[in-house]
Amino acid sequence: MTKRACDACHQRRIKCSNESYPCVSCLKADLECTYNKLPKKKGPAGKVLTRLRESKGRQSVSPVIDSVSLPSVTSSDVSPPVVVQSLRVEEEPRPWTGVDAASLFDFGSLLELDGLESGIPSFGGMGWPDPMSAAEAAPGEFSRAPPPRGWGMSPGPAIVPPAPHFASPGPAHSVPEVNPIHPGANLNGPSNLPYLPAPPPSFSRTTPVPPNLSWMPIIANSVLRPQIDIFFDRVQPVLPIFTRSYILDRLAKSEHLTNPDFASMLLALCGFTLIQPVQADEAAIKERTQQAMSLMDEATRLRSSCQFGQGPNLDSVICSFFLFASLFGLGSHNAAFFRLREAITLGETLELHRPLSYAGLESEERAMRVRVFWVLSVTERAYAVQRNHSITFKGRPGSSMALVGASPLKGEHQDSAAVMGLQRLTMLFDFIDEDIVACWNGHCLQNACPTLTVQRVVELHRGLAASMSEIPVESPRMDGRSVDVQQADLLVTQQWLRNRVWQLSVAHGLASALSPHVELRPSYAISIAQTLLSICHKFSQSALEGNGIGHAEKIHDVALTVIMIINVSPSTGDGRDDPLIQGRTILPQLISVLAAFRGGQHPFLQPVVDSWNRIFEHST
């Protein structure tokens with residue numbers, strides 16, 4: 001680059017050393033060495049230089065632009081941002097007037113983007129997604145990128161994004177005179193408010209460009225269909241949200257190629273199915289996990305937009321739920337909780353918890369909404385007890401929504417039995433309402449709690465125990481394995497809830513070996529563990545794992561209660577009825593059941609084994 005002479009050397013027409021500041025000539029002549037004079041552009045005067053001079057005259061200051069890098073634009077590139085370095089002001093600084101970048105540079109004459117019909121640039125030099133050519137930019141890429149930093153926000157080093165040139169006919173886009181962020185700000189006079197130029201019309205916030213789904217047919221037969229079949233064979237009995245025909249009909253209509261919400265829901269469903277229990281003829285769990293994570297990342301990418309949630313639907317709610325279930329199975333509990341809250345918030349926006357919102361809906365749509373609401377309410381309450389969170393859907397969802405529309409969907413013979421099981425599961429969690437969750441989370445005075453009294457605890461135990469008689473032994477509308485999966489889910493969850501209520505009574509100081517109520521004695525907690533153990537022996541391992549890793553955590557919680565009773569309860573001397581002796585007998589069997597889950601490859605086995613080893617060492 002040719003060195004530029006200072007103002008004095010240029011006027012004296014002598015060579016400038018440029019070796020130091022001030023230069024040698026100015027130092028010898030005792031002159032002020034400045035670089036205020038703008039160099040003349042060789043050739044015809046352009047609009048850029050004219051606008052710079054006009055801007056200089058309006059501001060009445062003497063800025064020195066150290067370096068201005070103007071991009072060279074080809075037909076397939078979008079120019080990087082123009083970096084304007086800090087200004088040196090010789091006079092007393094005045095308030096910044098928020099000069100618009102468009103008044104300094106004629107970007108329309110700089111950028112010629114032939115073939116960019118979508119009008120979606122990719123600013124590779126601004127910390128946005130990876131640089132790509134305009135022709136390769138996927139639709140919706142701009143809507144998923146964060147806004148550029150430094151849009152006229154400070155007079156110091158700033159990044160000024162060049163305005164893109166659009167292939168559509170008509171005059172070039174000009175910046176309006178009204179500040180879209182602060183309409184009352186005067187753009188022609190001093191103002192303390194920063195000026196943010198409005199985005200072009202094609203970047204409308206209300207009509208984001210849909211993502212590109214042209215790649216979906218590539219995985220439709222190799223990934224989607226096999227995992228969808230596995231989902232309905234293994235998981236649908238405990239998650240009867242929709243039927244097989246409902247999904248396959250939409251696939252046959254190629255809706256996954258045009259509807260991003262449906263496509264992302266399918267990807268999340270397949271990711272959730274991939275992390276389910278592995279059978280002998282399937283790939284190793286590590287390989288399945290990597291593939292599941294790839295599908296979940298892609299499902300999330302399809303929904304990456306600042307407008308996500310503006311128009312929620314059942315597909316978006318179900319997608320968030322499957323993302324939660326997958327992350328929970330992988331042990332990423334913070335990310336899982338985020339996705340669960342996302343699903344609940346979308347469901348709340350759809351008013352799934354309000355019976356009046358179902359008026360006027362068709363029977364099939366109404367039935368699906370009720371099912372989704374039940375799944376969300378059950379999951380939210382179970383996760384609140386497991387992770388000490390609050391709940392959004394309050395009251396008694398199982399009872400309040402029973403009459404709204406839980407009828408089976410058309411064409412599915414086993415659908416009614418699966419929905420009946422989901423409704424019974426929801427009614428089990430009706431006992432764990434917002435008051436019980438608040439007590440569990442410690443939001444009450446445990447020694448003087450007005451909510452959890454002895455009478456309330458006894459009623460909860462008896463209500464949960466009585467609900468067991470309502471669970472049918474078998475259903476003629478479901479195949480044998482589906483019956484086992486559903487019954488195992490209901491019965492294991494029932495015993496786990498009874499155990500949680502007993503633990504809550506211990507935390508409130510209500511449980512005692514001398515209590516007149518049998519439900520408050522340690523022997524009652526041991527009997528719950530015995531019932532759970534008999535349930536686990538009744539069903540096959542595949543039926544127990546039909547609901548994922550959740551059952552392993554529930555058995556783990558019951559086992560920890562038995563360990564607590566062994567450590568703190570004195571021997572009663574009642575022989576085989578002694579809780580201490582019963583606990584020592586039951587605990588090794590519960591450990592064996594836990595070890596069978598996924599071959600012991602889960603985080604709930606080792607804590608119980610370590611506690612048992614300490615008990616065994618202490619007893620010997």
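**A buried asparagine and its surroundings**

Modeller: Asn499 sits in helix 18, residues 480-507. Helices here are DSSP runs of H or I with at least four residues, strands are E runs of at least two, and both are numbered from the N terminus. The model is predicted: local features need pLDDT of at least 70, side-chain atom pairs count only at pLDDT 80 or more, and totals for chains, interfaces and linings use all residues. Residues are numbered from 1 along each chain as its sequence is written, and side-chain values use heavy atoms, with hydrogens and water left out.

Start with accessibility. Asn499 has a relative accessible area of 1%, so it is buried. The cut-offs are under 20% for buried, over 50% for exposed and in between for partly exposed, with a 1.4 Å probe and protein chains only.

Next, the side chain of Asn499. It joins the side chain of Arg500 in a polar contact of 2.7 Å. A polar contact is a pair of N or O atoms within 3.5 Å; within protein, one must be able to donate a hydrogen and the other to accept it, and residues adjacent in sequence count only if both atoms are side-chain atoms. A polar contact of 3.0 Å links the side chains of Asn499 and Thr561.

Now the wider set. Setting aside residues up to four places away in sequence, Asn499 touches Ile528, Asp557, Val558 and Thr561. Contact means heavy atoms within 4.5 Å.

Turn to the partner. Thr561 belongs to helix 21. Its relative accessibility is 1%, so Thr561 counts as buried. Beyond its neighbours within four places in sequence, Thr561 is in contact with Asn499, Arg500, Trp502, Gln503 and Ala525.

Helix 21 also packs on another helix. Helix 21 spans residues 550-568, helix 22 spans residues 579-596, and the two pack at about 155 degrees with axes 9 Å apart. Axes are lines fitted to C-alpha atoms, for helices over the stretch in contact, and angles run from 0 to 180 degrees between N-to-C directions. Helix 21 and helix 22 are therefore roughly antiparallel. By angle, under 35 degrees is roughly parallel, over 145 roughly antiparallel, 65 to 115 roughly perpendicular and the rest oblique. The crossing of helix 21 and helix 22 is left-handed. Left-handed means that the near helix is turned anticlockwise from the far one by less than a right angle; clockwise is right-handed.

Which residues do it? From helix 21 they include Ala552, Ile555, Ala559 and Val562. From helix 22 they include Leu580, Leu587, Leu590 and Val593. By class, this contact of helix 21 with helix 22 has 13 nonpolar, two polar and one charged residues. Nonpolar covers Ala, Val, Leu, Ile, Met, Phe, Trp, Tyr, Cys and Pro; charged covers Asp, Glu, Lys and Arg; the others, Gly among them, are polar.

Helix 8 (residues 260-274) and helix 10 (residues 314-329) pack at about 25 degrees, their axes 8 Å apart. That makes helix 8 roughly parallel to helix 10. Their crossing is left-handed. Met265, Leu269 and Phe272 of helix 8 are among the residues that make the contact, as are Ile318, Phe322 and Leu323 of helix 10. The contact of helix 8 with helix 10 divides into ten nonpolar, three polar and two charged residues.

Helix 6 (residues 216-234) and helix 7 (residues 244-252) pack at about 165 degrees, with axes 11 Å apart. That makes helix 6 roughly antiparallel to helix 7. Helix 6 passes helix 7 in a right-handed crossing. Arg225, Ile228, Asp229, Phe232 and Asp233 of helix 6 meet Arg244, Ile247, Leu248 and Leu251 of helix 7. This contact of helix 6 with helix 7 holds five nonpolar, no polar and four charged residues.

Now the backbone. Most residues other than glycine have a negative phi. Asp30 is not a glycine, yet its phi is positive, about 60 degrees. It lies in the loop between helix 2 (24-29) and helix 3 (47-59). Asp30 has 71% relative accessibility, so it counts as exposed. Glu351, also not a glycine, has a positive phi of about 60 degrees. Its loop runs between helix 11 (333-349) and helix 12 (363-387).

Finally, the whole chain. It has 23 helices and two strands. Of its 620 residues, 46% count as buried.
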